[in-house]
Amino acid sequence: ALEPEMKSRTYLILDLRRVQSVDVTAAHLLEQVEDAMRSRGGRLLLSSVPRNLPSGRDVAHFLGDIGFVGEHAVRIFGELDEALEWTEEQLLSDVPLDKPTRPALALHEIDLFSGRKAETLSDLEACMEQRRYQAGERIFATGDTGDELFLVRRGAVRIVLPVGGERAHHLATFRRGDFFGEMSFLDRHPRSADAVAERETDLFVLSRARFDTLAEAHRRLALSVIAGLAKALALRLRQTNSELRALEEA
């Protein structure tokens with residue numbers, strides 16, 4: 001089954017979520033696959049590597065102990081969507097295009113505020129902070145208090161849910177023009193996930209307290225923002241429901 005894929009793919013992802021046992025023979029097979037991929041300039045990627053098999057074996061440690069991970073150009077990802085996202089980024093970076101550095105978005109360029117009068121946007125921007133985060137820097141953590149809404153002007157932010165130990169479930173990645181943190185902005189409850197800058201990232205930050213003050217003078221803007229956030233939440237909830245159904249059927 002793998003042979004045609006190995007001949008035609010630059011990146012090959014093996015998702016090991018359902019693996020029940022791994023021995024030296026299986027590891028040798030993986031080495032053969034990796035050697036074949038590497039011989040033609042490809043990469044082997046592993047996702048959802050089991051850590052607690054019925055036998056008690058931690059597969060990630062086992063592969064490391066036999067030298068498979070350390071000596072080979074193999075990457076291990078916690079989940080399949082992380083491997084897919086990384087692969088997409090690699091494929092895009094391989095495209096020979098001129099890629100000028102994209103400037104940080106101005107407020108009127110963000111869809112949530114498009115079409116607003118310059119005076120209204122000026123008042124809104126005066127209520128916002130502008131922040132910059134470096135790659136790997138945490139913006140907020142699960143359980144943190146806070147009522148800010150974050151708008152991505154440049155860069156990318158990963159939203160992950162800690163699931164024990166060093167493991168985390170990747171929920172979403174927000175890029176230029178997106179926003180996040182809307183749940184705590186709306187209900188003022190603690191953060192339900194971690195937000196981490198994937199690369200150098202510029203943000204607009206709007207606190208609920210300052211937004212409420214602004215809303216007294218700009219009611220139409222306030223209603224539009226709340227409606228936009230509600231629509232985004234509905235779309236994200238539908239996507240989550242679709243993913244849950246897919247998992248149940250898998």
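Trainee: Which residues is Thr 173 in contact with, leaving aside its neighbours within four places in sequence?
Mentor: This is a predicted model, and in it Thr 173 is in contact with Glu 85, Ala 156, Val 157, Arg 158, Asp 178 and Glu 198. Thr 173 itself lies in strand S8, residues 167–175.

Trainee: Why is Thr 173 called buried?
Mentor: Buried means under 20% relative accessible area. Thr 173 has 15%, so the label applies.

Trainee: What makes the pairing of the Thr 173 and Glu 85 side chains a polar contact?
Mentor: The N or O atoms have to be within 3.5 Å, with one able to donate a hydrogen and the other to accept it. For Thr 173 and Glu 85 the distance is 2.6 Å. The side chain of Thr 173 also makes a polar contact with the side chain of His 170, at 2.9 Å.

Trainee: How do you know that Glu 85 forms a salt bridge with Arg 175?
Mentor: The test is a side-chain nitrogen of Lys or Arg within 4 Å of a carboxyl oxygen of Asp or Glu. The closest N and O atoms of Glu 85 and Arg 175 are 3.1 Å apart, so by that cut-off the pair is a salt bridge. The pair links distant parts of the chain: Glu 85 is in helix H5 (residues 80–94) and Arg 175 in strand S8, 90 residues apart.

Trainee: Are Glu 85 and Arg 175 buried or partly exposed?
Mentor: Glu 85 has a relative accessible area of 10%, so Glu 85 is buried. Arg 175, at 29%, counts as partly exposed, because that class lies between 20% and 50%.

Trainee: What does the salt bridge between Arg 175 and Glu 89 tie together?
Mentor: Their side chains meet at 3.0 Å, N to O. Arg 175 lies in strand S8 and Glu 89 in helix H5, so the pair ties together parts that are 86 residues apart in sequence. Glu 89 counts as partly exposed, at 27% relative accessibility.

Trainee: Which residues are linked in a network of salt bridges?
Mentor: The network links Glu 82, Glu 85, Glu 89, Arg 158, Arg 175, Glu 198 and Arg 199. The structure holds 18 salt bridges.

Trainee: Why are Arg 208 and Asp 212 separated by about one helical turn?
Mentor: They are 4 residues apart in helix H8, so about one helical turn lies between them. Arg 208 is buried at 15% relative accessibility, whereas Asp 212 is partly exposed at 28%.

Trainee: Which residues have the most contacts inside the largest nonpolar core?
Mentor: That core has 23 residues, and those with the most contacts inside it are Leu 112, Phe 113, Leu 124, Met 128 and Leu 151. Elements giving two or more residues to this core include helix H6 (118–126) and helix H9 (219–249). H9 provides the largest share, 5 residues.

Technical notes
Residues numbered from 1 in each chain as written. Predicted model: local features only at pLDDT ≥ 70, side-chain atom pairs only at ≥ 80, totals over all residues. Heavy atoms only, no water. Buried < 20%, exposed > 50% of the residue type's maximum accessible area, 1.4 Å probe, protein only. Contact = heavy atoms within 4.5 Å. Core = buried A, V, L, I, M, F, W, Y, C linked by side-chain atoms within 4.5 Å.
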